[in-house]
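Subject: Structure for you to look at

Hello,

Here is the structure I promised to pass on. Please open it next to this email and follow along.

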Amino acid sequence: MCGVIGIIGPTVLEENPSWAAFEAYRGLLTLQHRGQDAAGILSYNPSFQKFHQEKDLGLIASVFDQDSLMKLKGNMALGHTRYATAGGDGKEDLQPLVTGFPFGVGMVHNGNVVNYHSVTRELQSKHHLKMLTSNDLELFLHLWCQKLSESNGEESFKFEPEKALKACEEIFQKLEGGYAVVGIMADEGLFGMRDPHGIRPLVLGRKKFGEEGDKYSYCLCSETISLNFLGYEFVRDIEPGEFIFIKENGEIFSSIAESAKGKEKAPCMFEWIYFSGAESQFENINVYNARLNLGKVLAKKARHLIQNGVISPDVVCPVPDTSRTASISLAENLGLPYRESLIKNRYIQRSFILNTQEKREKAVELKLSPVRSEIEGKKILLVDDSIVRGTTSKKIIDLLKRHGASDITLAITCPPLRYACYYGIDFPNPKELIAKDKTLDEIADWVGANKVIYLDEQDLVEAIGKEKMCMACVNNKYPTSVTEAEEFSRLRHMHKENLS
């Protein structure tokens with residue numbers, strides 16, 4: 001899972017020639033929660049027909065400063081914040097990626113390609129291509145350039161959106177997975193594409209460019225939170241299987257690829273449960289309201305257990321921060337006090353998206369400080385968005401008990417995760433999942449809770465308000481082919497072992 005953004009306007013401003021890069025930078029800051037491994041920005045300056053790029057490991061604010069942003073001139077820019085779910089952690093795998101031959105194009109993406117390894121072997125065998133990274137974005141770049149080159153034949157290159165749509169078709173037909181791609185074409189414009197099932201999000205926004213006239217700048221990005229912060233009007237979600245191209249003059253070409261028509265929509269449930277910012281909306285469903293509803297539905301299950309004397313909580317406590325909204329709703333619906341028993345250190349990364357178990361465990365110890373007065377002697381209904389590997393839950397429950405909690409019930413706002421995710425959430429090996437081979441009582445015993453309460457699939461549909469979602473990690477119903485999942489999982493595990 002990553003955060004992506006693309007910006008285009010009608011001209012390079014004389015008073016601020018790096019305006020597009022500054023927009024991308026400010027937008028990326030609102031997407032930091034989507035990836036904390038690295039960040040990058042690429043701009044294109046038509047005045048000098050030149051790309052400018054800056055990227056490095058680390059948080060956005062540490063990668064860029066005023067001087068580095070000033071060098072990123074142009075009226076188009078791409079930004080990326082990385083959470084590595086494929087490939088390695090080296091600088092060669094950082095995004096954006098850019099090529100100048102056979103024409104200038106830069107790209108960023110969010111998601112995973114499940115059949116990355118077989119397509120890589122095919123490109124190497126048929127076209128003698130040499131992969132310069134282990135980042136699956138490089139496949140998008142190669143297929144895009146190759147198909148566009150073929151469509152021009154022997155002629156000198158002339159870009160047409162219809163030809164680009166054919167390149168997009170090639171990508172949709174060859175690459176299995178969940179992804180949202182944003183790119184810039186030198187001297188042409190900004191483009192985006194979303195996988196045929198719409199697993200990963202991508203939204204479009206626009207705002208007036210300058211004081212007068214009817215010119216606009218446009219933004220393609222992962223979440224509406226970026227549009228709101230930058231002052232862009234939300235136009236719409238990019239549709240599953242859609243290719244969109246925006247010229248400098250604001251002219252827009254968009255089309256659903258033929259190969260994507262008829263495919264079932266399957267946006268990822270985790271966007272509402274965990275990944276998206278609470279201020280965002282995804283598929284026209286507000287994330288904050290969805291999380292309130294998750295707490296409301298969870299309260300029904302908890303109330304049944306309270307009425308039957310199975311649990312008797314004194315207070316509701318969230319595991320900060322994602323579960324806070326659901327916890328408030330849960331407490332309101334149960335008539336229980338809501339208490340912040342754990343205070344988050346905001347300078348510590350989200351533990352779930354760190355790429356090794358050792359890093360995750362150390363982060364838990366650093367990021368949560370207990371408030372003993374709100375813990376000691378209390379029976380706590382502890383709310384979290386999910387249990388993945390279980391180690392974080394185990395440490396938090398142990399921390400609460402060490403500070404005097406008399407009893408802990410763990411309530412989870414999603415169903416048990418029993419199957420791998422290959423679409424951009426980093427648990428491709430189902431053996432890592434605590435719920436894979438354990439009953440609910442066994443899970444509770446392992447993490448140290450009196451009881452574990454989960455939602456089920458229908459609860460999730462009721463709370464979020466969407467019938468069709470990707471819940472493959474819950475029900476083993478993958479929207480794409482995962483015939484190469486075993487190889488994907490094995491090689492991802494090897495990369496992670498090398499990092500630890």
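The protein chain holds 16 helices and 21 strands. Helices (H or I, at least four residues) and strands (E, at least two) are DSSP runs, numbered from the N terminus.

A word on the source. This is a predicted model, in which local features need pLDDT of at least 70, side-chain atom pairs count only at pLDDT 80 or more, and totals for chains, interfaces and linings use all residues. Residues are numbered from 1 along each chain as its sequence is written, and side-chain values use heavy atoms, with hydrogens and water left out.

**The whole chain**

The radius of gyration of the protein chain is 23 Å. A compact globule of 500 residues would have a value near 23 Å, so the two agree. The radius is taken over C-alpha atoms, and the globule rule is 2.2 Å times the number of residues to the power 0.38. Along its principal axes, the C-alpha trace spans about 75 × 50 × 40 Å.

How much of the chain is buried? Buried residues make up 59% of the 500. Buried means under 20% relative accessible area, exposed over 50%, and partly exposed in between (1.4 Å probe, protein chains only). The chain exposes about 19700 Å², and carbon and sulfur atoms supply 48% of that. These areas come from the Shrake-Rupley method with a 1.4 Å probe; for residues, only the protein chains shown count as cover.

Now take the contacts (heavy atoms within 4.5 Å). Of those with a separation of 6 or more, 71% are between residues 24 or more positions apart.

Start with helix H5, residues 137–152. Its 16 residues should span 22 Å at 1.5 Å a residue. The rule is 1.5 Å times one less than the number of residues. The end C-alpha atoms are 23 Å apart, which agrees. H5 is mostly covered, with 12 of its 16 residues buried. Among them are Leu137, Phe140, Trp144 and Leu148.

Helix H1 (residues 19–29) is also mostly covered: nine of its 11 residues are buried. Trp19, Phe22 and Tyr25 are among them.

In helix H10 (residues 324–334), the buried residues include Thr325, Leu330 and Leu334. What covers the buried residues of H10? The cover includes helix H9 (287–307), strand E16 (315–318) and strand E19 (379–384). Gly335 follows H10 and has a positive phi, near 70 degrees.

**One residue up close**

Ile225 lies in helix H7 (residues 224–230). Ile225 is buried, because its relative accessible area is 12%. Leaving aside neighbours within four places in sequence, Ile225 is in contact with Thr30, Leu31, Glu279 and Ser280.

**Backbone details to check**

Most residues other than glycine have a negative phi, and most peptide bonds are trans.

- The peptide bond from Phe101 to Pro102 is cis, with omega near 5 degrees. Pro102 sits in the loop between strand E5 (97–99) and strand E6 (105–113).
- Pro320 and Asp321 are joined by a cis peptide bond, with omega about 5 degrees. Asp321 is in the loop between E16 and H10.
- Glu283 is not a glycine, yet its phi is positive, about 55 degrees. Glu283 counts as buried, at 8% relative accessibility.
- Asn476 is not a glycine either, and its phi is positive, about 70 degrees. Asn476 is partly exposed, with a relative accessible area of 40%.

Best wishes
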